[in-house]
Amino acid sequence: METRLMRPRLEQELALLRKYYPDIEHREQGGEDWFRIPRFAFPAGWQIGEKPAEKEPVVFKIVASYPAGEPYGFAAPTGINFKGIAPKDTGSAISPPFDGSWQHFSWAPDGWTPSADAAAGSNLLAWVRSFTQRLKEGA
């Protein structure tokens with residue numbers, strides 16, 4: 001029943017994300033909702049191997065209890081580094097339902113306060129935008 005109640009909210013949030021990331025992909029797998037942004041803008045200094053990472057894919061998932069259950073973490077392509085230094089607070093590879101090899105970044109929202117209005121308060125758009133904050137920290 002909770003999943004059915006979440007669906008309209010998720011649809012609203014996905015529509016909001018599409019305004020800023022029109023090529024975002026969504027997949028459900030094992031009761032989790034996964035998202036992939038194929039061309040996320042990385043701050044200067046990030047690389048994959050030795051190649052500058054300017055617009056690279058990122059993936060993230062949300063839990064079944066979303067929006068009450070806050071999101072956690074995101075992933076970038078394996079081999080991502082900041083000026084040749086492996087980023088801290090990253091975990092081993094994860095296996096989202098998208099092609100590619102992924103490295104997980106530990107990251108949590110700062111003050112997660114969702115509201116009844118999907119466009120206000122904490123939402124997936126604010127969550128995705130917070131990735132830049134983490135990436136600006138560098139390695």
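## Starting from Phe-40

Let us begin with one residue and what surrounds it. Beyond its neighbours within four places in sequence, Phe-40 is in contact with Tyr-21, Glu-54, Lys-55, Glu-56, Val-58, Val-128, Phe-131, Thr-132 and Leu-135. Keep in mind that this is a predicted model.

## The nonpolar cores

In soluble globular proteins, nonpolar side chains tend to be buried together. Here, the largest nonpolar core has 29 residues. Phe-40 is among those with the most contacts inside this core, along with Phe-42, Phe-60, Leu-124 and Phe-131.

Which elements give two or more residues to this core? They are the helices α1 (2–20) and α2 (124–136), together with the strands β2 (32–41), β5 (55–62), β6 (74–77) and β7 (80–82). The largest share comes from α2, with 6 residues. Another core, of 5 residues, lies apart from this one; Val-59, Ala-75, Phe-98 and Trp-102 are among its members.

## Aromatic rings

A search of the whole structure turns up 11 aromatic pairs. Why is the pair of Phe-35 and Phe-60 called stacked? The ring centres are 4.9 Å apart and the planes meet at 15°, so this pair counts as stacked. The pair joins distant parts of the chain, with Phe-35 in strand β2 and Phe-60 in strand β5, 25 residues apart. Both Phe-35 and Phe-60 are buried.

Ring pairs also build a cluster, whose members are Tyr-21, Phe-35, Phe-40, Phe-42, Trp-46, Phe-60, Phe-74, Phe-82, Phe-105, Trp-127 and Phe-131.

## A charge over a ring

One more ring is worth a look: Arg-129 lies over the face of Tyr-20, at 4.5 Å from the ring centre.

Terms used
Residues are numbered from 1 along each chain as its sequence is written. This is a predicted model: local features need pLDDT of at least 70, side-chain atom pairs count only at pLDDT 80 or more; totals for chains, interfaces and linings use all residues. Side-chain values use heavy atoms; hydrogens and water are left out. A nonpolar core is a set of buried Ala, Val, Leu, Ile, Met, Phe, Trp, Tyr and Cys residues joined through side-chain atoms within 4.5 Å. Buried means under 20% relative accessible area, exposed over 50%, partly exposed in between (1.4 Å probe, protein chains only). Helices (H or I, at least four residues) and strands (E, at least two) are DSSP runs, numbered from the N terminus. Contact means heavy atoms within 4.5 Å. Rings of Phe, Tyr and Trp (its six-membered ring) pair if their centres lie within 6.5 Å; planes under 30 degrees apart count as stacked, over 60 as edge-to-face and the rest as tilted. A charge sits over a ring if NZ of Lys or CZ of Arg is within 6 Å of the ring centre and within 35 degrees of the ring normal.
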